[in-house]
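My entries follow in the order I looked things up.

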Amino acid sequence: MHSSNGHSRAREGGPGGPDAVGSTGSVRYDDPWYDALASGWGESDPAPAPAAAPAARAEGVTAAEVYLEVQRSAAFQEVRSQYRRFVVPAVVGFLAWYIGYVVTATTAPALMARPVAGAVNVAMVAGLAQFLTTFLLTWAYTRHARLRRDRAALELRWDTQEMTRGTRSGTS
């Protein structure tokens with residue numbers, strides 16, 4: 001099976017197992033969620049190295065304890081912090097722009113009816129700008145996630161699964 005970037009994924013063996021390197025010398029991945037965009041390939045601005053994830057504990061630990069440990073880790077807190085640093089200002093800015101449009105449309109109809117070019121008026125231009133800013137904000141969010149959070153989140157998810165693998169085998 002191949003990932004979205006055409007690299008092979010190993011289905012058996014671990015990362016250091018006999019199937020980890022293909023016959024051509026290319027690395028094979030056994031992470032089923034691997035995606036080239038999430039890894040940041042092709043980006044000139046490398047993402048900062050995430051803080052170390054929590055180490056696995058001894059047997060007998062429950063999955064809930066593993067998830068709580070990961071949630072308290074510095075790596076998880078950094079991912080959440082990066083998320084909040086983008087989302088909070090973006091939401092505040094977009095809501096201010098949207099509410100400003102609605103308030104202006106209801107309180108200053110003469111301004112909104114002012115023609116810009118032919119039958120196109122200020123309200124139409126501002127309404128279309130709402131769509132444009134929605135698409136731009138979506139693009140900015142996905143770019144920010146890809147460059148600043150996806151790699152660290154993927155590593156956290158991988159580490160969490162490695163830590164819970166022992167809990168599932170112990171309770172099954």
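**Entry 1: the whole chain**

Accessible areas here come from the Shrake-Rupley method with a 1.4 Å probe, and for residues only the protein chains shown count as cover.

Two notes on provenance for myself. This is a predicted model, in which local features need pLDDT of at least 70 and side-chain atom pairs count only at pLDDT 80 or more, while totals for chains, interfaces and linings use all residues. Residues are numbered from 1 along each chain as its sequence is written, and side-chain values use heavy atoms, with hydrogens and water left out.

I then listed the elements: the protein chain has five helices and two strands. Read from the N terminus on, they run α-α-α-α-β-β-α. Helices (H or I, at least four residues) and strands (E, at least two) are DSSP runs, numbered from the N terminus.

Of the 172 residues in the protein chain, 24% are buried. Buried means under 20% relative accessible area, exposed means over 50%, and partly exposed is in between (1.4 Å probe, protein chains only). I also checked contacts (heavy atoms within 4.5 Å). Among those in the protein chain with a separation of 6 or more, 57% are between residues 24 or more positions apart.

**Entry 2: helix α3**

I looked at α3, residues 74-107, next. Its 34 residues reach 48 Å from the first C-alpha to the last, close to the 50 Å expected at 1.5 Å a residue. The expected span is 1.5 Å times one less than the number of residues.

Which residues in α3 are buried? I noted A75, V79, Q82, F86, V87 and A90.

Q77 also lies in α3, and counts as partly exposed because its relative accessibility is 38%. Leaving aside residues up to four places away in sequence, Q77 touches Q71 and R72.

**Entry 3: a patch and a salt bridge**

V91, L95, Y98, I99, V102 and V103 make a nonpolar surface patch of about 500 Å². Patches are made of residues with over 30% relative accessible area and no salt bridge; like charges are joined within 9 Å, and nonpolar side chains (Val, Leu, Ile, Met, Phe, Trp, Tyr) within 5 Å. I checked V91 by itself: it is partly exposed, with a relative accessible area of 41%.

How many salt bridges does the count come to? With a side-chain nitrogen of Lys or Arg required within 4 Å of a carboxyl oxygen of Asp or Glu, the count comes to one. R85 forms a salt bridge with E78, and the closest N and O atoms are 3.2 Å apart. E78 is partly exposed, at 36% relative accessible area.

**Entry 4: the core and its surroundings**

The largest nonpolar core has eight residues: V61, V66, V70, A75, V79, A152, L156 and M163. Elements giving two or more residues to this core are α2 (63-72), α3 and α5 (122-171). The most comes from α5, with three residues. Such a core is a set of buried Ala, Val, Leu, Ile, Met, Phe, Trp, Tyr and Cys residues joined through side-chain atoms within 4.5 Å.

V61 is found in the loop between α1 and α2. Why is V61 called buried? Because its relative accessible area is 16%. The C-alpha atoms of V61 and M163 are 9.2 Å apart, across 102 residues along the chain.

T62 has its place in the loop between α1 (36-39) and α2. At 40% relative accessibility, T62 counts as partly exposed. I found 7.7 Å between the C-alpha atoms of T62 and T164, which are 102 residues apart along the chain.

D159 is partly exposed, with a relative accessible area of 28%. A separation of 8.8 Å came up between the C-alpha atoms of D159 and V70, 89 residues apart along the chain.
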